[in-house]
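Trainee: I would like to go through the labels used for this structure and the values behind them.

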Amino acid sequence: MAVFEAFLEAPVQDAGLYLFPVAPDTWEQKITSVTFEGREPQAIVQDLQGRIAAYQFALKAGDQPLVRMAFDEPGPGLSDEAFMPGLSAFERSSQALMDQIAEEVAEAPLQIRVPALIQYVGDHFTYGVRETHLGTGEDAMPALECGLTPGTCVDMHTLAVAALRAIGVPAAYIIGVHIAEPREQWSTGHCWLNLKCEGVSHHWDISHHVQYGVREITPKLNPKPGRRFALSIGRGPEFSGPDGVVSYPSLSGFHGLTGQSAGQKLRTLARILN
């Protein structure tokens with residue numbers, strides 16, 4: 001058994017409601033218990049689609065809560081509900097992307113086509129931060145640009161999930177944390193993908209290959225050694241708050257639900273203990 005701990009880097013400045021994701025079981029983890037320090041959640045709430053859940057905290061200025069989750073490795077895998085596409089434009093394939101995949105990734109059994117598609121996505125990216133994430137302001141995820149496109153884990157895996165769904169493969173955007181050796185803790189927010197296809201590995205991390213110069217994309221999650229923990233699934237979840245509906249890019253730590261912090265993530269650190 002291992003233990004995951006997540007906590008705020010600095011105390012809360014503004015009193016209000018805050019969310020922290022209810023972590024899913026995946027092929028890499030099975031949650032066995034959850035405890036809290038500093039403040040207990042007042043409720044567990046669902047996003048408007050009913051796909052993901054979050055602990056809702058009523059925090060006061062100066063609070064600095066900690067969430068502790070014990071888990072076993074490996075896990076049972078993602079639930080079928082985890083592969084249900086979200087309503088966000090980041091989770092839809094544009095017709096241009098579908099046409100591009102149909103043209104560029106040759107027809108073949110899925111056991112061959114899926115790794116080829118993932119490699120195709122990786123071949124079109126160089127690691128770099130964009131002014132806005134790929135797909136921002138679009139109705140659906142666009143086709144890949146010619147040449148190399150700068151992007152982070154968010155851009156690569158959002159597009160890869162949309163592309164996999166375009167060929168009928170259930171895929172899910174997973175966000176959590178990767179703590180590279182020899183670090184003992186790191187900020188949350190790294191993402192990767194899970195898929196369900198007979199004969200193909202479930203987990204892929206395109207961006208870690210691209211970032212560390214490994215251009216052949218393989219199912220190996222950690223080209224740079226370290227530990228990871230999944231916190232949530234999907235892009236663009238929406239939650240109902242007392243002031244109305246609040247949208248988030250994803251849930252990967254403590255996020256504001258009310259006041260000036262609504263929709264924003266507070267810097268959240270994490271560690272994994274054996």
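This is a predicted model: local features need pLDDT of at least 70, side-chain atom pairs count only at pLDDT 80 or more; totals for chains, interfaces and linings use all residues.

Trainee: Which residues is Ser250 in contact with, leaving aside its neighbours within four places in sequence?

Mentor: They are Tyr173, Ile175, Gly234, Gly236, Pro237 and His255. Contact means heavy atoms within 4.5 Å, so each of these residues is counted as a contact of Ser250.

Trainee: What makes up the lining of the largest pocket?

Mentor: The space in that pocket is about 470 Å³. Its lining has 28 residues, and Cys153, Ser187, Thr188, Gly189 and His190 are the closest to the centre. At least two residues each come from α3 (153-166), β9 (171-180), β10 (186-187) and α4 (206-211). β9 gives the most, with 5 residues.

Trainee: How does the lining of the largest pocket divide by class?

Mentor: There are 10 nonpolar, 14 polar and 4 charged residues.

Trainee: What is known of the second largest pocket?

Mentor: Its volume is about 230 Å³. Of its 16 lining residues, Val22, Pro24, Arg51, Ile52 and Ile233 are the closest to the centre. Strand β13 (residues 226-233) gives the most to this lining, with 3 residues. By class, the lining of the second largest pocket has 9 nonpolar, 4 polar and 3 charged residues. Arg counts as charged, so Arg51 is placed in the charged class.

Notes. Residues are numbered from 1 along each chain as its sequence is written. Side-chain values use heavy atoms; hydrogens and water are left out. On a 1 Å grid over the protein atoms alone, a cavity is a set of points where a 1.4 Å probe fits but cannot get out, and a pocket is an open set with protein on both sides within 12 Å along at least five of seven lines; lining residues have an atom within 4 Å of a point. Grid points are joined across faces, edges and corners, and a volume is the space filled by probe spheres set on the points. Helices (H or I, at least four residues) and strands (E, at least two) are DSSP runs, numbered from the N terminus.
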